[in-house]
Amino acid sequence: MNFWSYGWLILLVLCLFIMAIFFRILEGWFSRKFPIKGYEYRKKMCIMTEAEMKCFGILFQAVEDKYYIFPQVHLSSFLDPLAFGRSRYGAFRHINGKSVDFVLCDKRELSPLLVIELDDRSHERQDRRSRDQEVERILKNAKIPILRLKYGYTTDPIKLATIIEENIYKSSI
């Protein structure tokens, strides 16, 4: 075989090499010409809404030092997808953007025991109801109970403690 038999292959490799250099130069030019500005943020005064903060205070009294209460938790923080490869990534993305108001965890192992959602007026919207149904389906599948509290439903920590214990006990059976 002579040099010209491989000519098309050499030409292809040479073209790819030139294109790679061209795109590298173009990328550098664009990054200097149009620099990406960093987003700016400010600190929130509180990580919870006023209603969630009131609920947190009552929850804190209700559970005393029996459980840890974590507010504003993304589902991906306490759930793992049961899928592999691309499906796993899709399953992760499906839960990553969803969060719940509170998660009660065991103090020794930080295992999630109960999810608590505070249902205010926003939960009456159709898009929110659909989201709530999907979160309930996901949690049921993961065998984590969910307690929905209507805003203003209970301000009695003792009554709430009883409801919490009932929900945790039912899930352990």
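This is a predicted model: local features need pLDDT of at least 70, side-chain atom pairs count only at pLDDT 80 or more; totals for chains, interfaces and linings use all residues.
Q: What share of the 173 residues of the protein counts as buried?
A: A residue is buried when its relative accessible area is under 20%. Of the 173 residues, the share that counts as buried is 29%.

Q: In what order do the helices and strands run from the N terminus?
A: The protein has five helices and four strands. From the N terminus on, they run α-α-β-α-β-β-α-β-α.

Q: How far apart are the end C-alpha atoms of helix α4?
A: Helix α4 covers residues 126-141, which is 16 residues. At 1.5 Å a residue, it should span 22 Å. The model agrees with this: the end C-alpha atoms are 23 Å apart.

Q: Why do the buried residues of α4 lie on the same side?
A: The buried residues are R131, D132, V135, I138 and L139. They share a side of α4 because they cover an arc around the axis of only 125°.

Q: Which residues are exposed on the other side of α4?
A: Exposed means over 50% relative accessible area. On that other side, the exposed residues are Q133, K140 and N141.

Q: Which residue with positive phi follows α4?
A: Helix α4 ends at residue 141. The residue that follows the helix has a phi near 60°, and it is K143.

Note on methods. Residues are numbered from 1 along each chain as its sequence is written. Side-chain values use heavy atoms; hydrogens and water are left out. Helices (H or I, at least four residues) and strands (E, at least two) are DSSP runs, numbered from the N terminus. The expected span of a helix is 1.5 Å times one less than its number of residues. Buried means under 20% relative accessible area, exposed over 50%, partly exposed in between (1.4 Å probe, protein chains only). The arc is that of the directions from the helix axis to the C-beta atoms.
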